[in-house]
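Subject: Structure handover

Hi,

Here is the structure I promised to pass on.

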Amino acid sequence: MDMADHPQAAPAGPTPTILEAIVTRRCVTASYNRQPVVLAPHVLFNKHDALHVGAVTVERGGQPPREPKLGVFKLDGLGEIAITDRPFSISELWQPDDERFVGKALLAVEN
């Protein structure tokens, strides 16, 4: 059987979903601490040998947050991650030279 005759499915799972969301600047939905959240992921990075996401929380439990902030989420702690059609703009809170991300980022939004 010739593999060229069978197009491969796009990679699935949390990591490819977050990477696609960063590149396309689209929000993701997920569950975090048993609550639904909408996140604008700005960076995927390695910390303590685990993948983490730096993201602005757009909604938590269906409500906007009291104050905007760029939070850090352990990728394993986010459940049911799905990309949405909802675009996001790069947040003024995003600082690519933040010491948390320098030299650890696998992918980050670009201006």
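Below is what I found, going from the whole chain to single residues.

First, the ground rules. This is a predicted model, in which local features need pLDDT of at least 70 and side-chain atom pairs count only at pLDDT 80 or more, while totals for chains, interfaces and linings use all residues. Residues are numbered from 1 along each chain as its sequence is written, and side-chain values use heavy atoms, with hydrogens and water left out.

**The chain as a whole**

The protein chain has one helix and six strands, and along the sequence they come in the order α-β-β-β-β-β-β. Helices here are DSSP runs of H or I with at least four residues, strands are runs of E with at least two, and both are numbered from the N terminus. The C-alpha trace spans about 55 × 35 × 30 Å along its principal axes.

Of the 111 residues in the chain, 32% are buried. Buried means under 20% relative accessible area, exposed means over 50%, and partly exposed is in between, using a 1.4 Å probe and protein chains only. The accessible surface comes to about 7400 Å², and carbon and sulfur atoms own 49% of that. Those areas come from the Shrake-Rupley method with a 1.4 Å probe; for residues, only the protein chains shown count as cover.

For contacts (heavy atoms within 4.5 Å), take the pairs at least 6 apart in sequence: 56% of them join residues at least 24 apart.

**Strands β2, β3 and β4**

Two strands pair if DSSP finds at least two bridges between them. Strand β2 (residues 35-47) runs antiparallel to β3, with ten bridges joining them. β3 is also antiparallel to β4, this time through five bridges.

Thr57 is another β3 residue. At 12% relative accessibility, Thr57 counts as buried. Setting aside neighbours within four places in sequence, Thr57 is in contact with Val38, Leu39, Pro65, Lys69 and Phe73.

**Loops with a positive phi**

Most residues other than glycine have a negative phi. Here are some that go the other way.

The hairpin of β2 and β3 has two residues between the strands, and there His48 takes a positive phi near 50°. His48 counts as exposed because its relative accessibility is 73%. Its C-alpha is separated by 22 Å from that of Ala30, 18 residues apart along the chain.

The loop between β1 (26-32) and β2 holds Asn33 as well as Arg34. Phi of Asn33 is near 50°, and phi of Arg34 is near 65°. Asn33 counts as exposed at 62% relative accessibility; Arg34 does too, at 85%.

**Trp94**

Trp94 sits in the loop between β5 (79-87) and β6 (105-108). Is Trp94 buried or exposed? Trp94 is buried, because its relative accessible area is 8%. Not counting residues up to four places away in sequence, Trp94 touches His42, Val43, Leu70, Phe101, Ala108 and Val109. Trp94 and Val28 are 66 residues apart in sequence, and their C-alpha atoms are 17 Å apart in space.

**The largest pocket**

The largest pocket holds about 310 Å³ of space. A pocket was found on a 1 Å grid over the protein atoms alone, as an open set of points where a 1.4 Å probe fits, with protein on both sides within 12 Å along at least five of seven lines; lining residues have an atom within 4 Å of a point. Grid points are joined across faces, edges and corners, and the volume is the space filled by probe spheres set on the points.

There are 13 lining residues, and Arg60, Pro65, Arg66, Glu67 and Lys69 lie nearest the centre of the pocket. The elements that give two or more residues to the lining are β3 (50-60) and β4 (70-74). β4 supplies the largest share, three residues.

By type, the lining divides into six nonpolar, three polar and four charged residues. Nonpolar covers Ala, Val, Leu, Ile, Met, Phe, Trp, Tyr, Cys and Pro; charged covers Asp, Glu, Lys and Arg; the others, Gly among them, count as polar.

Cheers
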